[in-house]
Amino acid sequence: MNRRFYILTLISLLCCLLIFTLYPSLRQSSGAFASSSHTSRDERNSVFKIFDKKGALATMLCDPNMMEATLVSIYSLNSAFAKKPSSKTDVIVLIPESIRFEQQDIHRLEKLGAHVIRTAFPQSISHQGNDACNTIINLWALFDYQKIVYFTPDVVFDNNVDQLFNYLPGSALSLNDDQDTPLFVLEPNPHSFENLVRNFRKASSSNYSFPELLQDSYFEYKSRIPPKEIANNLHVYSAPMKPWNFHAYSDIDWKKHYDPVSFYKWRRISNDVRHLLDPSATKDWVNEPRQRMVCDSYLESVTNVNHFPIHDKFSVMISTYNPERIEHLSLIIRHLLQSDQVHTVFITWHNPALQVPSSLYQDISEKDYERVKVLGQTFDSLNNRFNPVDELKTDAVYIMDDDIYVDLDDLEFTFSVWRSRKDSVVGHFPRLHTYDPITKDATYKLIGKAPYSIILTKSMFIRSDYLFSYTCLLEPKLHQLVDNQLNCEDLGFSMMASGMSHAASTFVRPKKAMEDFGLKQGISTNTAHMPARADCISDFITLFWDSKDPLVNSYDIAAPFAKPQIRVGNWDRIEKTILG
């Protein structure tokens with residue numbers, strides 16, 4: 001009897017305690033942010049206060065150029081919350097007070113549901129000489145949160161975000177090296193905060209960075225998070241080339257870090273963010289769905305975006321629009337098919353309103369039908385000339401206009417030049433530009449001597465990889481400007497190619513004269529053409545390359561080998577040449 005009485009009494013006491021601690025009217029409410037100097041230690045350590053605390057996800061934004069990447073990360077979090085509503089929690093963005101951000105950018109973060117907190121160094125830490133990003137130390141002072149999962153803008157979330165809170169404080173996802181920590185878990189509390197402030201104050205005098213301090217004094221080596229363990233929950237862009245800066249990476253090792261499929265995933269999210277925050281920006285752009293439709297369709301049709309198995313031949317992509325040119329186009333196709341090095345000729349038919357005339361195949365041998373493919377288009381856009389093609393098997397593409405004729409020996413020689421410098425745009429029509437990063441003014445001109453910085457798409461060899469890069473990874477705003485101008489797609493393409501690889505273009509001087517049938521009535525004959533091209537250069541570099549010119553001047557000229565002219569020496573002739 002006594003035993004039963006004690007058990008019932010114990011259960012009753014436990015129930016009363018549970019009701020008292022959980023019932024809202026009996027609990028003290030807490031603010032969003034509590035500082036260690038204004039909150040008593042007894043209150044913070046109260047058993048009742050624990051029930052008020054929850055987890056949060058947080059990031060640090062100390063570079064205005066990382067705003068887009070931060071918005072993408074937060075948007076991906078919202079998408080993950082939508083998949084599992086019970087996982088939704090606060091999202092915090094710390095921004096140093098010392099770094100200027102436009103109020104519009106702050107509103108964009110808040111529109112995505114983020115809590116923006118402007119931060120400064122604690123009074124005991126000198127801000128002079130300290131990196132503003134180190135104000136991340138204030139995360140440990142957010143005492144109203146039981147646990148915080150910190151992430152960098154390199155992270156894109158997918159699902160089950162709540163599982164990240166199962167890791168112990170001090171757990172960190174480490175990639176590449178110990179300093180690369182795109183995600184870690186922390187527990188805000190006065191003890192940790194005061195220790196970090198004290199240690200950082202000591203470390204600052206010896207040029208010891210805050211990330212190094214965290215590695216040595218906070219992160220637990222035994223609690224490292226294996227990347228494979230959370231691979232289904234999120235994706236980390238850990239390589240130095242990122243989806244938001246791939247076109248400005250500018251290094252010869254770009255292929256090692258280039259990940260087109262995951263970059264396109266990021267680009268799609270970025271496009272969704274832009275549409276959510278400013279739906280009116282593209283309302284009058286009829287080609288706005290083009291990028292997603294073309295790239296989604298392409299990825300559904302291929303198994304490996306990077307696989308172009310044929311290296312000793314090249315494909316040809318000819319852009320055409322006017323049915324009146326079909327007869328001459330058919331002649332050009334027959335000319336190209338005579339080369340054993342031409343694998344496939346693709347005709348990009350830019351006119352969605354008309355079917356390709358059947359006369360295109362007139363006089364083309366039936367055995368060559370398989371070598372000729374017509375690419376019909378849903379959208380009318382000059383950007384279509386750089387669409388990725390699922391039937392493309394060669395790692396080289398020769399891009400040409402439908403009004404250009406090049407001798408086959410010269411064309412095959414140009415291919416051999418390209419094979420020796422595959423990152424370059426190699427072709428036959430050089431141009432020179434200038435750009436002033438201060439005034440944002442640009443020039444564009446024809447030249448008769450080196451240097452040059454651009455090779456026109458009228459006749460050029462490129463990497464097949466670049467097609468997907470231009471169409472699927474560049475910011476759609478560039479494509480929109482091309483559509484509005486009906487011009488400049490080749491300028492954007494050249495900037496992207498040089499911007500990715502830092503490779504200069506290469507001019508090849510043909511041995512035989514080329515035929516250009518656009519000299520009489522092509523778009524370049526318009527007097528407004530050159531100034532419009534200069535405006536494109538200015539807009540592209542300013543808007544998409546942060547006013548840093550990606551194009552590289554080149555002095556190289558490649559030409560077929562010719563025996564040097566040598567004659568018997570004659571000093572009288574030399575004297576006359578030198579002295580006049």
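Q: What pattern do the disulfides of the protein follow?
A: The pattern is 1-2, 3-4, 5-6, counting bonded cysteines along the chain. The model is a predicted one.

Q: What is a disulfide, and how many does a search of the whole structure find?
A: It is a covalent bond between the sulfur atoms of two cysteines. Here the search finds 3.

Q: Which cysteine is joined to Cys62?
A: Cys133, with an S to S distance of 1.9 Å. Cys62 sits in the loop between strand E1 (54-60) and helix H4 (67-83). Cys133 sits in the loop between strand E3 (115-119) and strand E4 (145-151).

Q: Is the link of Cys62 and Cys133 right-handed or left-handed?
A: Right-handed, with 95° about the S-S bond.

Q: Is Cys133 buried or partly exposed?
A: Partly exposed, because its relative accessibility is 25%.

Q: Why does Cys295 count as buried?
A: Because its relative accessibility is 0%. Cys472 is also buried, at 0%.

Q: Why is the disulfide of Cys488 and Cys536 right-handed?
A: Because the torsion about its S-S bond is about 80°. Cys488 lies in the loop between helix H14 (476-485) and helix H15 (489-501), and Cys536 in helix H16 (residues 529-544). Cys488 is buried at 0% relative accessible area. Cys536 counts as buried at 4% relative accessibility.

Terms used
Residues numbered from 1 in each chain as written. Predicted model: local features only at pLDDT ≥ 70, side-chain atom pairs only at ≥ 80, totals over all residues. Heavy atoms only, no water. Disulfide = S-S within 2.5 Å. Helix = DSSP H or I, 4+ residues; strand = E, 2+ residues; numbered from the N terminus. Buried < 20%, exposed > 50% of the residue type's maximum accessible area, 1.4 Å probe, protein only.
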